[in-house]
Amino acid sequence: MSSERNPVTPKSTENAGDAAGTEPAGPRPRRLTYAAALVAAEGLALVVGGLWILVLGITGDPDDRGQAVTGGVTLMVLALLPLLAARGLLGRRSWSRGPAVITQIMALPVAYNLLQADSMAIPAGIALAAVAVAALVLIVNGETTRALGIRGPGNADSGAEK
């Protein structure tokens, strides 16, 4: 086989951060930073909510102490997904977009349920919906996608001829 058919290209600096553990060259797009901040804010909100439920379950008089403790711990464990995704987005890791998108998709039904409540949960539902939609828009933005080194379908071998 000829080496011209499948030429070996030098490693791109665009994805150099994934292999070497360092940040890729060039400035991080502002949209990517904003997306990471929104995803991190959701993760921190889950941690705070989990701690609040856990503390109330232990110190208060819940109907079922075990269920309150389990709910608090579950929220704190669920917070790992958006927090890891936010860290990956800041580090411009291509794998981080999937967990970030999943987090936003999971947040939308939660926001809808909060909006259906007849209580003080309605403002929380509005805020969660706004953050989830804004983060989704920022995450799937073309500039963000390029900064993460994600290529569209059919562009994997764009430099090589067949």
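Colleague: How many helices and strands does the protein chain have, and what makes a stretch count as one or the other?
Modeller: The protein chain has seven helices and zero strands, where helices (H or I, at least four residues) and strands (E, at least two) are DSSP runs numbered from the N terminus. Read from that end, the elements run α-α-α-α-α-α-α. This is a predicted model, in which local features need pLDDT of at least 70 and side-chain atom pairs pLDDT 80 or more, while totals for chains, interfaces and linings use all residues. Residues are numbered from 1 along each chain as its sequence is written, and side-chain values use heavy atoms, with hydrogens and water left out.

Colleague: What makes Glu143 and Arg31 a salt bridge?
Modeller: Their side chains meet at 3.0 Å, N to O, and the definition asks for a side-chain nitrogen of Lys or Arg within 4 Å of a carboxyl oxygen of Asp or Glu, so the pair qualifies. The pair links distant parts of the chain, with Glu143 in helix H7 (residues 142-147) and Arg31 in helix H2, 112 residues apart. The structure holds one salt bridge.

Colleague: Are Glu143 and Arg31 buried, partly exposed or exposed?
Modeller: Buried means under 20% relative accessible area and exposed over 50%, with partly exposed in between (1.4 Å probe, protein chains only). Glu143 has 32% and is therefore partly exposed, and Arg31, with 36%, is partly exposed as well. Across the 162 residues of the protein chain, buried residues make up 27%.

Colleague: What lines the largest pocket, and how do its residues divide?
Modeller: The lining consists of 16 residues, of which Glu42, Leu46, Ala107, Val110 and Leu128 lie nearest the centre of the pocket. The lining divides into 14 nonpolar residues, one polar and one charged, where Ala, Val, Leu, Ile, Met, Phe, Trp, Tyr, Cys and Pro count as nonpolar, Asp, Glu, Lys and Arg as charged, and the others, Gly among them, as polar. The largest share, five residues, comes from H5.

How values were computed: On a 1 Å grid over the protein atoms alone, a cavity is a set of points where a 1.4 Å probe fits but cannot get out, and a pocket is an open set with protein on both sides within 12 Å along at least five of seven lines; lining residues have an atom within 4 Å of a point.
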